[in-house]
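Here is a note for someone opening this entry for the first time. Please read the points with the structure on screen.

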Amino acid sequence: VYAATTSALRALLPEAGTVYRLNEWGREGDFVYEASSTLPDDDGYCIIAQSGRRLVRVNVREIEARWYGLTYDTQTDNTAKIRAARNAARRMKWNLR
């Protein structure tokens with residue numbers, strides 16, 4: 001199942017066994033519904049759909065800061081987004097890229 005944006009991904013009713021592909025630039029990746037997950041919605045690695053079901057990235061072993069919606073210009077303050085990525089990397093005990 002394809003979702004063009006993070007908002008579209010949140011609007012889905014995730015089902016077990018289905019891979020959800022996020023196509024939003026810089027945030028691309030595959031997610032699956034993980035019923036046992038208790039991870040917080042960090043807007044990058046784990047996204048909680050409106051149904052309350054958690055979608056987590058699959059096939060990754062490090063956190064990429066770009067998943068958190070960094071804006072690559074000289075005027076936007078990305079501090080909160082970088083902090084979210086760093087916190088996710090610490091929580092998962094993975095590298096931050």
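1. Start with the terms. Helices (H or I, at least four residues) and strands (E, at least two) are DSSP runs, numbered from the N terminus. The expected span of a helix is 1.5 Å times one less than its number of residues. This is a predicted model: local features need pLDDT of at least 70, side-chain atom pairs count only at pLDDT 80 or more, and totals for chains, interfaces and linings use all residues. Residues are numbered from 1 along each chain as its sequence is written, and side-chain values use heavy atoms, with hydrogens and water left out.

2. Helix 2 covers residues 79-92. Its 14 residues reach 20 Å from first C-alpha to last, close to the 20 Å expected at 1.5 Å a residue. Lys93 follows helix 2 and has a positive phi, near 60°.

3. Which residues of helix 2 are buried? They are Ala85, Ala88 and Ala89. (Buried means under 20% relative accessible area, exposed over 50%, partly exposed in between, with a 1.4 Å probe and protein chains only.) These three cover an arc of only 100° around the axis, which puts them on the same side of helix 2. The arc is that of the directions from the helix axis to the C-beta atoms. Ala80 and Arg90, on the other side, are exposed. The buried residues of helix 2 pack against strand 6 (62-63) and strand 7 (95-96); contact means heavy atoms within 4.5 Å.

4. Two strands pair if DSSP finds at least two bridges between them.

5. Strand 1 and strand 2 (residues 19-22) run parallel, joined by 2 bridges. Tyr2 has Arg21 as its bridge partner, and Ala3 stands opposite Leu22.

6. Strand 2 has two faces.

7. Strand 3 (residues 29-33) runs antiparallel to strand 2, with 4 bridges. Leu22 stands opposite Gly29. The two strands form a hairpin with 6 residues between them, and Gly26 in the turn has a positive phi of about 85°.
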